[in-house]
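Here's a quick tour for anyone meeting this structure for the first time. Have a look at it below, then read on for the main points.

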Amino acid sequence: MIAYAERFVPENDNEAEPPRQDHHDIQSLPLDLQLQGTVDFGASSAAMAARDFGGMQSVSPLAVIRPMGVDDVARLVKAVLCSGDLTVAARGNGHSINGQAMSDQGLVVDMRTAEADRFQILAEGPNGIGYAVVPGGALWEDVLRVCLSYGYAPRSYTDYLSLTVGGTLSNAGVSGQAFRYGPQTSNVTELEVVTGNGDIVLCSERENSELFFAALGGLGQFGIITRAKIPLQPAPDMVRWVRVVYEDLDSYRRDAEGLVTGREGESFDYVEGFVFVNSNDSVNGWPTVAIRPGQRFDSALVPNSLRHPVLYCLELGFNYRRTDKTSTVDSVVGGLLGRLRYIEGLEFQADVVYADFLLRVKVAEEHAKANGIWDAPHPWLNMFVSADDILEFDRLIFRDVLKGGVGGPVLVYPLLRSKWDRRTSVVLPESGEVFYLVALLRFALPFPQGQSAVQMVEENKEVLRICDENRFDYKLYLPHYKSQDEWKAHFGGQWARFVDRKMRFDPMAVLAPGQRIFSRSF
Ligand code: FAD
């Protein structure tokens with residue numbers, strides 16, 4: 001395997017490197033590509049493709065390709081196969097943390113330009129069930145907007161929707177609806193993929209199923225997703241958004257697991273939650289819990305408060321129609337809340353338009369951009385932790401290592417294995433039906449005003465060290481490793497299948513080099 005030299009972005013220098021042209025020759029890219037789109041060797045495009053949301057790594061591509069459609073993508077992959085040693089990375093919206101959408105002196109395909117605004121809404125079957133057929137480079141927020149204009153909506157989301165369809169389907173795509181519908185990878189019925197062989201393949205559970213399941217959660221290793229067919233459901237109009245607070249993870253966990261295993265119609269439509277610091281810290285503490293300005297967190301209500309460095313907030317959503325009577329919504333939500341054992345009085349509610357609820361992180365993005373924390377490095381850590389280990393994880397990590405907070409949300413909420421298709425490439429903890437998403441979503445002002453990214457990365461490593469030392473059953477979500485041995489350990493029993501699929505669909509390993517799983521063959 002070729003060793004990768006990691007290139008960290010210096011924290012006092014946010015400028016991406018200018019494109020280096022030391023070990024690849026522009027001539028190695030055939031000039032008769034005959035693309036309808038463009039090949040851009042310019043410094044500003046290269047700088048864009050050398051940055052991501054993580055802001056910690058930067059490698060410059062040789063060129064950025066802006067394809068006009070699937071034929072362009074296929075032609076490009078074929079040209080790369082004929083080249084000496086080029087690789088090609090699809091770039092969705094560049095919201096990876098660790099350079100996963102970059103290509104060191106290779107090609108980056110800007111998927112946002114590949115017909116990203118060409119949507120089709122279909123009604124199929126006797127009941128006229130709706131589907132959206134959307135480009136891989138489309139942003140979920142645009143998919144939502146178009147679907148809503150037809151009265152429909154996808155079933156499963158991410159918390160933040162300025163991510164591309166191809167980017168989240170290459171990972172999993174999880175949010176508070178995943179307990180019911182599964183991740184986004186369980187909510188797609190057909191893909192159009194350009195494989196690493198340069199073939200354009202339509203695939204689904206029935207047709208070319210091996211490629212279909214390989215590409216879902218496949219970290220971009222088997223093909224470039226150029227189109228996806230997403231099942232829709234009638235869109236609700238409104239959401240009753242609720243937050244309730246717990247003093248310990250055990251009672252939080254019981255209620256959260258009760259809700260995610262409850263039957264549709266007898267539970268909420270959205271279940272998530274987070275850990276927060278038991279203090280008035282404006283970034284990590286009580287002020288992060290209220291939904292609306294004017295709602296007050298009365299800390300005097302927390303029993304035995306001194307014993308709790310952190311508290312837990314269950315975040316819930318109940319969908320309804322504008323025509324539903326408020327008294328009916330109050331009564332259903334009140335009935336559901338009545339079964340929960342949160343701290344009485346620490347309950348916050350708001351009624352919001354469905355689209356505004358799904359787009360709520362966009363508002364946070366605007367604030368973060370205004371105060372400089374959006375463009376600073378984000379050493380995020382995402383993991384799936386088995387329910388068997390979550391209480392010990394809480395004791396050793398939430399209530400100890402992270403008791404001062406991470407400078408942003410710390411998500412922890414249950415998911416159900418049975419809603420995930422084992423045939424996809426996604427890797428989950430080994431045991432049990434319930435596992436938890438844990439996400440340390442670190443935001444900090446740029447160093448030296450804020451904590452240095454190196455310190456935050458060290459804290460992440462400490463979390464993982466504790467998990468390993470205690471033999472917790474966990475897997476990284478949005479994984480990032482530097483050696484193939486680490487990848488092998490990550491995939492465990494699924495490694496052989498992953499390698500077989502790679503041999504079949506991208507045998508020269510030209511795709512998604514930023515994941516650092518395989519090296520380009522010659
Ligand atoms: P990129 O970062 O551009 O690409 C990611 C990987 O996918 C790369 O390897 C790339 O080569 C590959 N890729 C991109 N497009 C394609 C394609 N069309 N075909 C094949 N491979 C492709 N995730 C969740 O699950 N739930 C959340 O709630 C959530 N919230 C987030 C909030 C924020 C603010 C951020 C920054 C990230 C969040 N994520 C969440 C993580 C997000 O799902 C991943 O980072 C995802 O990869 C980002 O999508 P992107 O379109 O920017 O992909």
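This is a predicted model: local features need pLDDT of at least 70, side-chain atom pairs count only at pLDDT 80 or more; totals for chains, interfaces and linings use all residues.

## A first look

Arg75 and Asp72 sit three residues apart, about one turn, in helix 2 (residues 70-82). The domain assignment gives two parts, domain 1 (120-234) and domain 2 (238-477), and a search of the whole structure turns up 29 salt bridges.

- The centres of domain 1 and domain 2, taken over C-alpha atoms, are 25 Å apart.
- On the domain 1 side, Asp159, Phe179 and Arg180 together supply 29% of the area buried against domain 2, more than any other three residues.
- Three salt bridges cross the interface of domain 1 and domain 2, and 16 residue pairs there are in polar contact.

**The nonpolar cores**

- The largest nonpolar core has 136 residues, and the members that touch the most others are Leu191, Phe268, Phe297, Leu314, Met383 and Phe393.
- Strand 13 (residues 310-320) is the top contributor to this core, with eight residues.
- Domain 1 and domain 2 both give residues to this core, so it lies between them.
- Leaving aside residues up to four places away in sequence, Leu191 touches a list of residues including Leu169, Val201, Phe212, Leu216 and Ile225.
- There's a second, separate core too: it has 21 residues, among them Ala74, Val80, Val109 and Val510.
- As background, nonpolar side chains in soluble globular proteins tend to be buried together.

- Arg75 counts as partly exposed because its relative accessibility is 35%, while Asp72 counts as buried because its value is 3%.
- Asp351 forms a salt bridge with Arg240, and here the closest N and O atoms are 2.7 Å apart.
- That pair links distant parts of the chain, 111 residues apart: Asp351 is in strand 14 (residues 347-353) and Arg240 is in strand 11 (residues 238-246).
- Asp351 is partly exposed, at 36% relative accessible area, whereas Arg240 is buried, at 5%.
- Glu141, Lys362, Glu365 and Lys369 are joined up in a network of salt bridges.

**Around Glu469**

- Glu469 and Arg465 both belong to helix 12 (residues 453-469), four residues apart, or about one turn of the helix.
- Their side chains meet in a salt bridge at 2.4 Å, N to O.
- Glu469 is exposed, at 56% relative accessible area, and Arg465 is partly exposed, at 39%.
- How far is Glu469 from Phe119, C-alpha to C-alpha? The two atoms are separated by 48 Å, with the residues 350 apart along the chain.

Technical notes
Residues are numbered from 1 along each chain as its sequence is written. Side-chain values use heavy atoms; hydrogens and water are left out. A salt bridge is a side-chain nitrogen of Lys or Arg within 4 Å of a carboxyl oxygen of Asp or Glu. Helices (H or I, at least four residues) and strands (E, at least two) are DSSP runs, numbered from the N terminus. Buried means under 20% relative accessible area, exposed over 50%, partly exposed in between (1.4 Å probe, protein chains only). A nonpolar core is a set of buried Ala, Val, Leu, Ile, Met, Phe, Trp, Tyr and Cys residues joined through side-chain atoms within 4.5 Å. Domain bounds come from an automatic or database domain assignment. Contact means heavy atoms within 4.5 Å. Buried area is the accessible area (1.4 Å probe) that two parts lose on being put together, summed over both. A polar contact is a pair of N or O atoms within 3.5 Å; within protein, one must be able to donate a hydrogen and the other to accept it, and residues adjacent in sequence count only if both atoms are side-chain atoms.
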